[in-house]
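Subject: Structure for your review

Dear colleague,

Please find the structure below, together with its sequence. My notes on what was found in it follow.

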Amino acid sequence: MTGSRQQFAIIAGSGFAKFGGDSAGESVNTRFGAPSSPLKQLQFANHSVYVIVRHGEDHDIPPHAINYAANLVALKDAGVDRVIAINTVGAISREYRPGQLVVPEQLIDYTWGRVHSIYYEPCATLDHIDFTDPFSPGLRSMLLEAASRAETECHDGGVYGVTQGPRLETMREVDKLERDGVDIVGMTAMPEAAIARELGMDYACLSLVVNMAAGRGDKAIHEDIEDSTMTAKMQAMR
Ligand code: HPA
C-alpha cells in the first residue's frame, strides 16, 4: 500500500465461499478469536483487496454464529479502511427482483444474542457511535458508480432488515417487516455494520436479491433461490 491510498476488503457471503481464490491465505487471530476464514488477498486491476469468507470456506457457520468482531478486527489489524460486504437477501418490496443488486441506505436490526459491539466488557474507551447513516455514503457511491460502469442494474437505496435466522421468515413476519419500511431482508448486516463503524472503517453492502421474501413470490423460496442468477451476478461483480 502506498501513501494514503485506501485499503479495501470484501466480506463475501453465501454462495461466495470460493471468492478468495485457491491460495491458502493467512490464518490470523484477534482478541475476539479467529475470523471465519484465512485472510486472502485478491488482485483487482492494480488494487490488492483482502477477502474474508463470512460463512467459512466450508460454508458451515450460520449467520447467528459468525464471529463478526473477529472478522472486522482481523481486517482492521491488516490495515483495512473500507469494507464491502457482499450478502444475499430476499426482496419484500416488489421494486426489487431476484437477480438484482442493491446498495441499501438504511437498516433495521432484528437480531439478538450476537456479540454486537467491540465494547463487550467495561472499557475506558467506550464510544457510542453515531449510526444515523449505518452505511458509509462515500463507499455506497463508489459501489453504485462501479455497477454503472459495469452496466449492471443496481438499486440505489432501500432499507435492509436484518433478521436472526438461520430460518427464513414467516409470511406474517414479512408483513411486519414491510410495515416497518423494510425493502430487503437478510441475516448478516448486523452487527457487522456497527462493529465496522466502531473500528472506524467505512462499510457498505452490495446485496444480491436471490428470492422474493416469504409470501411475496410465485414460487417456493428455495426454488426462487436456485433459479436466481447468482453465478452470473458474481461474475458481474468481479
Ligand atoms: N430472508 C432472510 N435472509 C435471506 C433471505 C430471506 O428471504 N434470502 C436470502 N437471505
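I begin with Pro166, which lies in the loop between strand E8 (159-162) and helix H3 (171-180); helices (H or I, at least four residues) and strands (E, at least two) are DSSP runs, numbered from the N terminus. The peptide bond that joins Gly165 and Pro166 is cis, with omega about -5°. Please note that this is a predicted model, in which local features need pLDDT of at least 70 and side-chain atom pairs count only at pLDDT 80 or more, while totals for chains, interfaces and linings use all residues. Residues are numbered from 1 along each chain as its sequence is written, and side-chain values use heavy atoms, with hydrogens and water left out.

Two further backbone features deserve mention. A cis peptide bond also runs from Met190 to Pro191, with omega near 10°, and Pro191 lies in helix H4 (residues 189-198). His59, in the loop between strand E3 (47-53) and helix H1 (68-77), has a positive phi of about 50° although it is not a glycine. As background, most residues other than glycine have a negative phi, and most peptide bonds are trans.

I turn next to the ligand.

A nitrogen atom of the ligand is 3.3 Å from a polar backbone atom of Thr88, and a backbone N or O atom of Gly90 lies 3.3 Å from a ligand nitrogen. For Val185, the distance from a polar backbone atom to a nitrogen atom of the ligand is 3.5 Å. Of the 260 Å² of accessible area (Shrake-Rupley method, 1.4 Å probe) that the ligand has on its own, the protein covers 93%.

The ligand takes up the space of the second largest pocket. For this term, a 1 Å grid is laid over the protein atoms alone, and a pocket is an open set of points where a 1.4 Å probe fits, with protein on both sides within 12 Å along at least five of seven lines; lining residues have an atom within 4 Å of a point. A molecule sits in a pocket if more than half of its atoms lie within 2 Å of its grid points. E4 gives the most to the lining of this pocket, with four residues.

Conventions. A polar contact is a pair of N or O atoms within 3.5 Å; within protein, one must be able to donate a hydrogen and the other to accept it, and residues adjacent in sequence count only if both atoms are side-chain atoms.
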